[in-house]
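Please report on the voids of this structure, then on one helix pair and a few local features. Keep it brief.

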Amino acid sequence: MAKSLLLELGCEELPARFIAPALAQLVEAVTKGLEQERIEFGTLREFATPRRLAVLIDDVSVNQRDLIQERRGPSKEIAFDAEGNPTKAAMGFARGAGVSPQDLIVKQTEQGEYVYAVIQEPGGSSLDVLPQVLAEALSQLSFPKSMRWGSGDTRFARPVRWIAALFGETVVDFTFAGVKSGRTTRGHRVLSEGELTIATAQEYPAVMERGFVVADLATRKEMIRSQVEEVAAKAGGVAVIDPDLLHEVTCLVEYPTALVGQFDPSFLEIPPEVLITSMQAHQRYFPVIDGDHQLLPLFIAIRNGGSEYLETVKQGNEKVLSARLSDARFFYHEDQAQALADKIEALKAVVFQERLGTIYDKTQRIRQLSQRLASHLGWDQDQSTIDRTALLCKADLVTNMVNEFPELQGVMGREYAKLSGEGEDVATGIFEHYLPRFAGDDLPGSKTGTVVGLADRMDTIVGSFAVGMIPTGSQDPYGLRRRTLAVLQIVLDQKLEISINQLIDWSMAAYGELVTNPEEVRQEVHDFFDQRFRGVLLEMGFRYDLVDAVMAVASDDPCDCLQRLEVLQSTADSESFTRLLTGFHRAANLVDKQGVPSISLTDSVLTEAAEKQLFAALEAREEPLQNLLQARDYRGVEEMLAELQEPIDRFFDEVMVMVEDETQRNIRLALLGKVVAMMTQMADLRKVVQ
């Protein structure tokens, strides 16, 4: 027999970003608790709104499963005498286990035959243990920020106001945060009248519906999406639905109703990014565009309620947005009173980091590093544009607009650069040097944005490590992990042949005497890059052992590393590579264990035909192999190395390496050392798993 189980915790409005993680924690805690208490259950449904977290589980067994345990006792020889009667040892073991000596069984184990007691504990009523399961599940919920209220010690994101807990029609009786569980819940704060009674757990969705609450998160999200698209179409436009904004709005309302508002078309003179940021980030509105992707003077808001007095709500939202856009327009015009280049002096008063100087200091370092990067990449013809971009790239940080809307750094730099008469390449570079700003964002498309963006990030990364601000655990105040990933993404996307160590050295040179331990900083930053790069390659689908093998010899140049890895993975499962790898491992095992003697190998010191063949094969390929490596023709490198398979196999078939004659043994070890050295120029094949 089974019943449905409901647990709903009601509280004051939770922050939107807390809801999804808390719901996931609740689901995990409840299901884990049921499993630990041997309570079988079926389908689980989850619900969440700003005022509630709930789970409804079907087919929950009314009784726990019986607990059957086997306890091992003494060996058979000790437990029974020659006639098969239980000894005192067996009777003592049986008594301690709570079974009769006649119920002991004998089982064969790796150590021999032993007696076992089979202990069966009948399952009790689920209702007896559910209070503990549910109370414990709620106590395990954690939040980025918690609070205490009243005289209790319980910490929660917001004050707990009610708990509904039912097993079928029976209340699961427990107390959490000073609130006793019951069968009452609350509907929409305004639309629902008073408390709502839940007769049985299975009725919960219907009760929520009566209380004007769309409790299912996914249903509510789709409802909002559909409404937004519908009202936008009726208004003659298309809604811009950002997934993150959609999720946030879903977590802000219990009964959504979409409405279309308007703003003065004269505000469209402001750059569209400003308008969109004002609507999305500050007001949680959905912008509307036309068929040509031009912004319309419309917005879509989501009301937490029905359609009553919707016109009044619309007017209130329009008034709020109009005030914010008026501020933005004022800032926009005020900022134009001074050319972008004239704002650079003000950067001297803006601290980048206490020990790393001001933003102005950072700008000068970015210029220096950008010049070196451009020269290295052969982009000298763009040097003047790159230098101008580097000089102006942070100037918008002291504008009124960016002070009000920090999300628009780079965007306003681009717009103000254009208005100040700067070239299109400079304006684009100012914007693009911030790309990518988040996971999945666009990458810079111009040489200017690429170079300045790399220089900016490397300056921050190296400077932070130089003063000991190294990320630990979840602490990464300067976003060094994100910046490192961005550097790797840009380098790989643009296929830039560049050394990470070279970037680090150039960055340290720009800091001058501030970097007091350059060798240590270089190693720490390079290791930090390696950790991120390995993760990137694994996410791209490469085998972990192949990643480790290639990174062991080529991690300093990400593009070179990627090229090697692509070739290696394409052949790693072939029969010829497997056979070659077998021979290599035999050679490497001997060399790593015995060492490589310092011997000058010539054909004259070799005695066996197999030795001479292998030596000749290695000698003939030394120069061609270097040419292929220089040209980054790794397909050719693999094909050339594959030609060594036959002479390596013959060597091991016909030659004994570890002979008593020390001279002969050292010659053969040196020959194998030559094999290993040649074959590890592509990748350290020791790390490849057969």
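## Largest pocket

By class, 21 nonpolar, six polar and 16 charged residues line the largest pocket. Here Ala, Val, Leu, Ile, Met, Phe, Trp, Tyr, Cys and Pro count as nonpolar, Asp, Glu, Lys and Arg as charged, and the others, Gly among them, as polar. The model is predicted: local features need pLDDT of at least 70, side-chain atom pairs count only at pLDDT 80 or more, and totals for chains, interfaces and linings use all residues. Residues are numbered from 1 along each chain as its sequence is written, and side-chain values use heavy atoms, with hydrogens and water left out.

The space in this largest pocket is about 1,400 Å³. Of its 43 lining residues, Pro406, Glu407, Leu408, Arg437 and Phe438 are the closest to the centre. A pocket is an open set of points on a 1 Å grid over the protein atoms alone, with protein on both sides within 12 Å along at least five of seven lines; a cavity is a set where a 1.4 Å probe fits but cannot get out; lining residues have an atom within 4 Å of a point. Grid points are joined across faces, edges and corners, and a volume is the space filled by probe spheres set on the points.

Elements giving two or more residues to the pocket lining include α7 (243–250), α10 (359–376) and α15 (447–466). The largest share, five residues, comes from α8. Helices (H or I, at least four residues) and strands (E, at least two) are DSSP runs, numbered from the N terminus.

## Cavity

The count comes to one cavity of 30 Å³ or more. Helix α18 (residues 518–539) gives the most to the lining of the largest cavity, with four residues. Among the lining residues are Leu488, His526, Phe529 and Asp530.

| Void | Volume | Lining by class |
|---|---|---|
| Largest cavity | about 30 Å³ | five nonpolar, two polar, one charged |

## Helix pair

The axes of α10 and helix α17 (residues 500–511) come within 9 Å and cross at roughly 145°. Axes are lines fitted to C-alpha atoms, for helices over the stretch in contact, and angles run from 0 to 180 degrees between N-to-C directions. In α10, Arg365, Gln368, Leu369, Arg372, Leu373 and His376 meet Leu503, Trp506, Ser507, Ala509, Ala510 and Tyr511 of α17. Contact means heavy atoms within 4.5 Å. The residues of this contact divide into seven nonpolar, three polar and two charged.

## Local features

Lysine 674 sits in helix α25 (residues 662–679). Not counting residues up to four places away in sequence, lysine 674 touches Leu601, Phe615, Leu618, Glu619 and Glu622.

Most residues other than glycine have a negative phi, and most peptide bonds are trans. Leucine 435 and proline 436 are joined by a cis peptide bond, with omega about -5°. Proline 436 lies in the loop between α14 (424–432) and α15. Alanine 177, not a glycine, has a positive phi of about 55°.
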